[in-house]
Amino acid sequence: MSRRLLITGGAGFIGSNFVHHWCQNYPSERVVVLDALTYAGNIANLAGLEKQDNFRFVQGNICDRSLLNQLLETENIDTIAHFAAESHVDRSILGPGAFVETNVVGTYTLLEAFRQHWQTNSLPTNYRFLHVSTDEVYGSLNPNDPPFSETTPYSPNSPYSASKAGSDHLVHAYHHTYGLPTIITNCSNNYGPYQFPEKLIPLICINTLIGKRLPVYGDGKNVRDWLYVGDHCSALDVVIHRGIPGETYNIGGNNEVENINLVQMLCQLMDELAPNLPVRPAANLITFVKDRLGHDRRYAIDATKIQTQLGWTPSVTVAEGLRLTVAWYLTHENWWKPLLSQEYQAYYQKNYVF
Ligand code: NAD
Ligand code: TYD
């Protein structure tokens with residue numbers, strides 16, 4: 001069955017990787033990207049696709065109900081892959097308002113528009129609303145706790161994770177109440193090409209290349225599970241094709257790493273792969289800085305359900321994925337340099353206490 005997708009947030013990091021994944025694997029299927037192009041959205045992430053007949057980019061906001069109605073109807077959309085969000089924990093601490101607006105109100109607006117579209121078309125069974133969410137909704141783990149499963153109670157701690165939890169609850173409620181064919185995925189930390197410089201891995205790569213200090217929060221022993229973005233995209237593909245409406249699937253890489261170890265691995269790769277580093281060894285730039293407020297200690301994902309029920313497993317190890325990522329930032333200075341804008345510098349000044 002050929003699908004007609006609306007991909008929200010498709011000019012962001014994961015969304016753009018997913019758009020490339022879909023256009024490569026299903027070149028005859030319709031892909032409409034809706035993205036507001038906030039500071040995190042970048043049309044350059046979709047370069048090359050504008051030439052394809054089946055691809056369309058629309059700049060717009062998921063809170064704009066009449067635009068949503070019009071796109072769903074005129075494009076005859078049957079599948080929404082919903083990535084659009086404010087996504088950075090540190091920015092949610094500095095200013096939570098935009099997170100409530102986009103993540104909660106925006107998701108609600110999209111659900112309402114899709115419900116109307118689905119009901120107007122007599123409840124087709126092939127329709128899907130894929131809500132892309134995060135493991136952060138489950139809160140923080142102690143060192144010996146078992147990883148998050150789909151039945152772990154929600155306990156979000158940051159304005160970001162609280163707003164994502166709110167959106168997850170709405171998506172769940174639209175299935176439970178109206179029968180809307182929604183599916184939720186909760187994934188661990190992604191990394192790879194096209195990730196905005198404010199997130200840990202691109203920040204370390206770029207700061208190393210320009211000889212800037214590498215800020216590590218607190219004692220550096222916070223633990224995250226890392227998944228290469230291409231593996232996240234293949235998981236979402238499987239969920240759209242084989243996932244059961246009403247279900248939640250956790251997605252993870254089974255790669256728990258302490259932040260300080262991750263930063264050291266990145267420094268070693270930079271020493272090996274970058275010919276002209278301003279400071280060598282790169283690890284000399286590591287600087288412990290004031291901790292993030294309310295910093296979650298550990299996240300870990302139990303991905304047994306998606307593995308056993310849908311047959312998905314990650315294909316890239318963390319060693320391979322980090323090498324691919326460092327090589328990408330090394331060869332894509334033209335992509336990241338313009339992103340170190342005044343707005344970015346102002347955010348940086350506000351966020352870090354060295
Ligand atoms: P991102 O910040 O790189 O991209 C978000 C995109 O959404 C941007 O292109 C932005 O312009 C767009 N956007 C923001 N507000 C909008 C609005 N109101 N209307 C339309 N477009 C809007 O984020 P990302 O890292 O690619 O994350 C994508 C999704 O995946 C998010 O929902 C996030 O919560 C989730 N997620 C991210 C990670 C991760 O490690 N990055 C892990 C798990 C889940
Ligand atoms: P981040 O990439 O912001 O993802 P998240 O907070 O959603 O997990 O951060 C990953 C980890 O790295 C997190 O524990 C915070 C830490 N971190 C630093 O130590 N220094 C930094 O400059 C950044 C951005 C993050």
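This is a predicted model: local features need pLDDT of at least 70, side-chain atom pairs count only at pLDDT 80 or more; totals for chains, interfaces and linings use all residues.

Q: OK, ligand 1. How many residues surround it, and which are the closest?
A: 29 residues surround ligand 1. The closest are Ile14, Asp35, Ser87, Tyr160 and Lys164. A residue counts here if one of its heavy atoms lies within 4 Å of the ligand.

Q: Which polar side-chain atom lies 2.7 Å from an oxygen atom of ligand 1?
A: One from Tyr160. Thr102 has a side-chain N or O atom 3.0 Å from a nitrogen atom of ligand 1. From the backbone, an N or O atom of Ala36 lies 3.1 Å from a ligand 1 nitrogen. A polar contact is a pair of N or O atoms within 3.5 Å; within protein, one must be able to donate a hydrogen and the other to accept it, and residues adjacent in sequence count only if both atoms are side-chain atoms.

Q: And how much of ligand 1 does the protein cover?
A: 96% of the 830 Å² of accessible area that ligand 1 has on its own. Areas come from the Shrake-Rupley method with a 1.4 Å probe; for residues, only the protein chains shown count as cover.

Q: Which helices and strands each supply at least two residues of that shell?
A: Helix H1 (13-25), strand E5 (128-134), helix H5 (159-178) and strand E7 (189-191). E5 gives the most, with three residues. Helices (H or I, at least four residues) and strands (E, at least two) are DSSP runs, numbered from the N terminus.

Q: Now ligand 2. Which residues are closest?
A: Glu136, Arg224, Arg292, His295 and Tyr352, out of 18 that surround ligand 2. A polar side-chain atom of Arg292 lies 2.5 Å from a ligand 2 oxygen. Asn259 has a side-chain N or O atom 2.9 Å from an oxygen atom of ligand 2. The protein covers 96% of the 510 Å² of accessible area that ligand 2 has on its own.

Q: Which element gives the most to that shell?
A: E8, with three residues. Strand E8 (214-217) and helix H6 (200-210) each supply at least two. By class, the shell divides into eight nonpolar, five polar and five charged residues.

Q: Switching topic. How many cavities of 30 Å³ or more does the structure hold?
A: One. On a 1 Å grid over the protein atoms alone, a cavity is a set of points where a 1.4 Å probe fits but cannot get out; lining residues have an atom within 4 Å of a point. Grid points are joined across faces, edges and corners, and the volume is the space filled by probe spheres set on the points.

Q: What lines the cavity?
A: Tyr39, Ala40, Gly41, Asn42, Asn45, Tyr194, Phe196, Trp335 and Leu339. That makes six nonpolar, three polar and no charged.

Q: Take Asn45. Is this residue buried or exposed?
A: Buried, at 1% relative accessibility. Buried means under 20% relative accessible area, exposed over 50%, partly exposed in between (1.4 Å probe, protein chains only). A polar contact of 2.8 Å joins the side chains of Asn45 and Trp335.

Q: And Tyr194, where is that?
A: In the loop between E7 and H6. Tyr194 has a positive phi of about 70° although it is not a glycine.

Q: Which peptide bond is cis, with omega near -5°?
A: The one from Arg280 to Pro281. Pro281 lies in the loop between helix H8 (259-273) and strand E12 (286-289).

Note on methods:
Residues are numbered from 1 along each chain as its sequence is written. Chains are lettered from A and ligands numbered from 1 in the order in which they are written. Side-chain values use heavy atoms; hydrogens and water are left out. On a 1 Å grid over the protein atoms alone, a cavity is a set of points where a 1.4 Å probe fits but cannot get out, and a pocket is an open set with protein on both sides within 12 Å along at least five of seven lines; lining residues have an atom within 4 Å of a point. Ala, Val, Leu, Ile, Met, Phe, Trp, Tyr, Cys and Pro count as nonpolar, Asp, Glu, Lys and Arg as charged, and the others, Gly among them, as polar.
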